[in-house]
Amino acid sequence: MEQLEKKKMYDVTVIGMGPAGLAALVYLLEAHLNVIAIGPEVGGQSDNTPEITNWPFIPTLSGKEFQEGMIGFFENLQAKFPEYLYTVKGLIVSTAEATGKMFKVTAQTIDGEMVFFTKAIIIATGAKRKNLPVPGAEELKGKGIAFCGTCDAPFFKDDTVAVIGGGNTALENILTLMKYAGEVIAVIVTDDFTGNPDLRQRVTNLPNVKIIRNTEVLEVIGSTKVTGIKLRDMKTGNEWEEKVDGVFPSIGATVNSQPFSDLVETNKLGEITVGVLGETSANGVWAIGDVTNVPFKQIGIATGQGITAALSAIGYVESLPSTSPCEECAEGSPSLKEKILTRQKQEEEFTYPDVTDEQFFQEVLTRAGETLLMVRIEGCGDCKAARPHFLKAQKRFPSMNFITIEWEKNPEVMAWLNEHEKVRAAPTFVKISSGREIDRRVDMQRPKEMIEALTF
Ligand SMILES: Cc1cc2nc3c(=O)[nH]c(=O)nc-3n(C[C@H](O)[C@H](O)[C@H](O)COP(=O)(O)OP(=O)(O)OC[C@H]3O[C@@H](n4cnc5c(N)ncnc54)[C@H](O)[C@@H]3O)c2cc1C
């Protein structure tokens, strides 16, 4: 893979630009440290949140408003501290290792591999949602199994959907889905929901919500799409099937700590173990927010952890000897900075290559060659995460036609796709050749591999 950069030294690397990472960033920049901020998008999980009612000082905010606030805040930081803040959106850190008194970080960007050095690291990579550990769940992901009510509820209009789980995520998914689906079946393993009392109150006695208690899911049924779930009453042992068109596993999250497993200690859940300042087992490395073993996963907590770790990291960096332990890396180069800024500008200028209903039917379906269509939805985090890989494939395969379509604005195309097989998630990637759908995939665990498979 191409080596884009090397031998560049930063004071602090912030990995992940959700609430925790952004909160750390502002303090680091106010202290005039040289910071590189890395992440596939700004905002983190909050864009999946329909409503935030517990952010202190502001009574109610939608997840989208909150995320827009974070993006605006981040852009202000970029404008205010251009000489201190480097960012390359679409970057995913794949490894970080200690090399003497500093760290070597390797990241994957749409243009290749990037390697650089840093005196300190703040890990703020958060978490992603868990799938059900039962037969059918992996195979039917994107074919009726979805995770984000806010992103995917419109795909289940008038359908029957099951929400599995009893915490806040499940309750929020139920409240979102009930506005679209004909019926929502809530399956909980306990006697009652365990989420916030306010949310629990709101899901009781809703006409189109059926609650099945003390029950576990044994299987998700379906071949090309979800058709049902097999359940077992945990008190009586009775087993039965419910017909459903969609399943929303809402059973917690897996932390994104894997790239750092050789660098810092984690607990058996994979969470990075931290002290009160966010310090990890590695000197010079802090971890904050949902990726840590701090028990409560909330925006306010992640934000506070970010500030604490940043203040601690500032003291650490300022206490280091002023001469760099690596002369070569410390120098940096103006041409490198120029290169980063140019690429950043190009990425910001890139918009989705959206087509309309009319263009789809007149130009795409009549084309003899192959087209890769990405079905997306406004505000969908997974769509943003997939976008750099889509863009990279677009550059590598100029003979193929790459287009995107915004689901809500193009009902006729969606009806066409539904005739073949129901599109159940955003993003969905459909390969079309000579007016026919020839392949369709959804695997947001491995967007890069998925898009590569579709383009060969
Ligand atoms: C459906 C739902 C509803 C919620 N509702 C609320 C609520 O009402 N109130 C509340 O306070 N909290 C709520 N939460 C929890 C809240 O969203 C999280 O606690 C918060 O987002 C955690 O922030 P974070 O910065 O630690 O992580 P995240 O928000 O997960 O951000 C982590 C970022 O790191 C990036 N990343 C991951 N791996 C890498 C890598 N290798 N390299 C670079 N970047 C990487 C991710 O793409 C992401 O952008 C909700 C969560 C969900 C899922």
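Arg129 sits in strand β7, which covers residues 127-129. The model is predicted. Arg129 has 18 C-beta neighbours inside 10 Å, so it counts as partly exposed; the buried class would need 20 or more.

**Around Arg129**
- Arg129 and Ile251 are 122 residues apart in sequence, yet their C-alpha atoms are 7.6 Å apart in space.
- Beyond its neighbours within four places in sequence, Arg129 contacts Phe147 and Ala253.

**The largest nonpolar core**
- The largest nonpolar core holds 62 residues.
- Val161, Ala162, Val163, Ile174, Leu177, Val184 and Val247 have the most contacts inside this core.
- Helix α4 (residues 168-177) gives the most to this core, with five residues.
- Domain 2 (131-249) and domain 3 (352-455) both give residues to this core, so it lies between them.
- Leu177 touches Gly149, Ala153, Phe156, Val161, Val163, Val184 and Phe248, leaving out residues up to four places away in sequence.

**Another core**

**Helix α2**
- Helix α2 (residues 63-80) has 18 residues, which should span 26 Å at 1.5 Å a residue; its end C-alpha atoms are 26 Å apart, which agrees.
- Gly63, Phe66, Gln67, Met70, Phe74 and Leu77 are the buried residues of α2.
- Viewed down the axis of α2, these buried residues fall within an arc of 95°, so they line one face of the helix.
- Gly72, Glu75, Asn76, Ala79 and Lys80 are exposed on the other side of α2.

Key: Residues are numbered from 1 along each chain as its sequence is written. This is a predicted model: local features need pLDDT of at least 70, side-chain atom pairs count only at pLDDT 80 or more; totals for chains, interfaces and linings use all residues. A nonpolar core is a set of buried Ala, Val, Leu, Ile, Met, Phe, Trp, Tyr and Cys residues joined through C-beta atoms within 7 Å. A residue is buried if 20 or more other C-beta atoms lie within 10 Å of its own, exposed if 12 or fewer, and partly exposed in between; C-beta atoms are placed from the backbone. Helices (H or I, at least four residues) and strands (E, at least two) are DSSP runs, numbered from the N terminus. Domain bounds come from an automatic or database domain assignment. Two residues are in contact if their C-beta atoms, placed from the backbone, lie within 7 Å. The expected span of a helix is 1.5 Å times one less than its number of residues. The arc is that of the directions from the helix axis to the C-beta atoms.
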